[in-house]
Amino acid sequence: MLCDSCKERDAVVHLTRIVDNAVTQLHLCEKCAAAKGVETTLAMPQHPLGDILQAVQQQASTTSEDAPSCTFCGSTARDFRATGRLGCPHCYDAMERSLRELLRRLHGSSKHVGIRYETPTAHVHTKPDTLHDLHDRLNRAIATEQFELAAELRDRIRVLE
Amino acid sequence: MSARAGLDLSLLPDGGVRWLDASGPNADVVISTRMRLARNVSGYAFTGRARDGERLRMLAQVRDALGAVPSLSGSLLLRLDDMATQDRQLLHERHLVSKELAGLDAQHPLRTGAAVFLGESVGLLVNEEDHLRLQVLRSGFAVPQAFETVQRLDAELGAQVPFAFHREFGFLTACPTNTGTGLRASVLIHLPGLVLTKEIGKVLAGLQQMGLTYRGLYGEGSEVVGNFFQLSNQTTLGRSEEELQDLLVRVVRHVIEREEEARRVLVRDAGYIIEDKLWRSYGTLRYARSLTFDEAMNYLSGVRLAVGLKLITGLSVYTLNKLLIFTQSAHLAHLEGRALTEGEANLARARYVREALVSEGGGVE
């Protein structure tokens, strides 16, 4: 989103203004906000994505960010940094350490204390991968240039076929 | 189902708008309570990374499981990926689907497999950012009632479809901001008194310190119009569902008290100025020939305040709630049976408001 004032830089300050009985919002870049003397403590809460990216960037310096992090979906730390979204539930295991730290920053805790979930008995034993699933994963691995993973998946498909 | 314009809204259980009926507690201040649980199905990549075939198979798996899910018995399946833009917008304007699921968000084009199952006051959004978003909407300030309904749906569905769950992190979601309980508990609240007395900044800053956040009429990324705020929990992990509900209830009760206090101050210190201002809002809505959406929202806010203060009688909160929803552009286009330009929509909006105030607010004084 561009700054409402200069229309050049990205808006980073989101200000709720009250004029008569109408609430309006003003989106300003840091420079224009400072020039207008805007008090930023009451601004709209920043999207937590900012925190996520910051935390992941710090992680990126210690891990090889292009290495395939998740063997199920092929997502890498770089993908996560670019989108702010994980690729699949297995990513939580693949990036467990850095995610634990991230969840602590976002929520103040990484420990779920709510409802516990039991997988229904019919699904407890992980169903064997179907050819459909493996083909999807193979295509995704090729599309994201995860060639080692693709080769492994191709071998498993051959066995099943 | 084929792509067509003109969704038949009579097919929706309760029209999808029972939450507007103003029957719930504190309905003059709290329009609605919404509970949302984010869930993902084991064995698939998350929606954003899944291929079309995976999304469709996941949808089929969920559809096949619904026979054993009483909360959604008799529900209607709507395939958004096979629907005209105006119809998708109509569902979004009714708060039945998110902007992302409806493919109305420039960052998230419409996805293959995007669908919603709609039951009475209950919705199951499929292939949103997460595979499943379980949603319940209730009239007024009804947090425990709404949670009970969504929890029942969650238990029934989770017994049929395997959810992705981690022993430490809880329910796994595509975005780590939803991980844990996956619960977003929110109320849509009208706070004109706090805005007029300029107390709103302090109140909003205070609730952020308490762990709540606020948004506009349509949730994430939407702007505040007409003094309507959506208040919800900011975090989803490290607190139980009960603690998150308690927090919301406690803070919203406090906000309602502050709003009522602000209204008393307004009447005490600026009685005739406020009365004049609110009647002018009514006058504009009653006689204007063209209204933009923002104008309509702001004048409706004034009239809603006047009804709350009993300065205007003979007009129901239900009518005001209805006007909030039915004066939006896709609803007006649906009513007129054709696409409208912005100018035409402004004329249609003013006409709709005038007619509603005459037919449903005949006793206004």
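The contact between the two chains takes 43 residues from chain A and 54 residues from chain B, where two residues are in contact if their C-beta atoms, placed from the backbone, lie within 7 Å. On chain A, strand 1 (13–19), strand 2 (22–28), helix 5 (96–107) and helix 7 (131–143) each supply at least two residues of the side that touches chain B. Helices (H or I, at least four residues) and strands (E, at least two) are DSSP runs, numbered from the N terminus. Helix 5 of chain A gives the most to this side, with 5 residues. By class, the side of chain A that touches chain B has 20 nonpolar, 18 polar and 5 charged residues; Ala, Val, Leu, Ile, Met, Phe, Trp, Tyr, Cys and Pro count as nonpolar, Asp, Glu, Lys and Arg as charged, and the others, Gly among them, as polar.

This is a predicted model, in which local features need pLDDT of at least 70 and side-chain atom pairs count only at pLDDT 80 or more, while totals for chains, interfaces and linings use all residues. Residues are numbered from 1 along each chain as its sequence is written, and chains are lettered from A and ligands numbered from 1 in the order in which they are written.

Chain B contains 10 helices and 10 strands. Its C-alpha atoms fill a box of roughly 65 × 45 × 35 Å, taken along the principal axes. The radius of gyration of chain B is 21 Å, which agrees with the value near 21 Å for a compact globule of 365 residues; the radius is taken over C-alpha atoms, and the globule rule is 2.2 Å times the number of residues to the power 0.38. Among the contacts in chain B with a separation of 6 or more, 71% are between residues 24 or more positions apart. Of the 365 residues of chain B, 54% count as buried. A residue is buried if 20 or more other C-beta atoms lie within 10 Å of its own, exposed if 12 or fewer, and partly exposed in between.

Strand 3 (residues 115–118) of chain B is covered on both faces, with A115(B) and F117(B) buried on one side and V116(B) and L118(B) buried on the other. In a regular strand the side chains alternate between the two faces of the sheet. Strand 3 of chain B pairs with strand 2 (residues 76–79) of chain B in the antiparallel sense over 4 bridges; two strands pair if DSSP finds at least two bridges between them. One of the residue pairs here is L78(B) with its bridge partner V116(B). Strand 3 of chain B is also joined by 4 bridges to strand 4 (residues 122–126) of chain B, again antiparallel, and A115(B) has V126(B) as its bridge partner. Strands 3 and 4 of chain B form a hairpin with 3 residues between them, and S121(B) in the turn has a positive phi of about 65 degrees.

V116(B) also belongs to the largest nonpolar core, which has 128 residues; L80(B), V116(B), I189(B), L300(B) and V303(B) touch the most other members. A nonpolar core is a set of buried Ala, Val, Leu, Ile, Met, Phe, Trp, Tyr and Cys residues joined through C-beta atoms within 7 Å. Helix 6 (residues 241–287) of chain B gives the most to this core, with 10 residues. Apart from it lies another core, of 7 residues, among them C3(A), A11(A), V13(A) and C29(A).

In helix 8 (residues 317–326) of chain B, V317(B), L320(B), N321(B), L323(B) and L324(B) are buried. They cover an arc of only 160 degrees around the axis, which puts them on the same side of the helix; the arc is that of the directions from the helix axis to the C-beta atoms. Their cover includes strand 1 (30–39), helix 7 (293–308) and helix 10 (342–360) of chain B. In helix 5 (residues 200–209) of chain B, the buried residues include I200(B), V203(B), L204(B) and L207(B). Their arc is only 95 degrees, which puts them on the same side of helix 5 of chain B. K202(B), A205(B) and Q209(B), on the other side, are exposed.

N227(B), between strand 9 (212–215) and strand 10 (228–233) of chain B, counts as buried because it has 26 C-beta neighbours inside 10 Å. K310(B), between helix 7 and helix 8 of chain B, has 7 such neighbours inside 10 Å and so counts as exposed.
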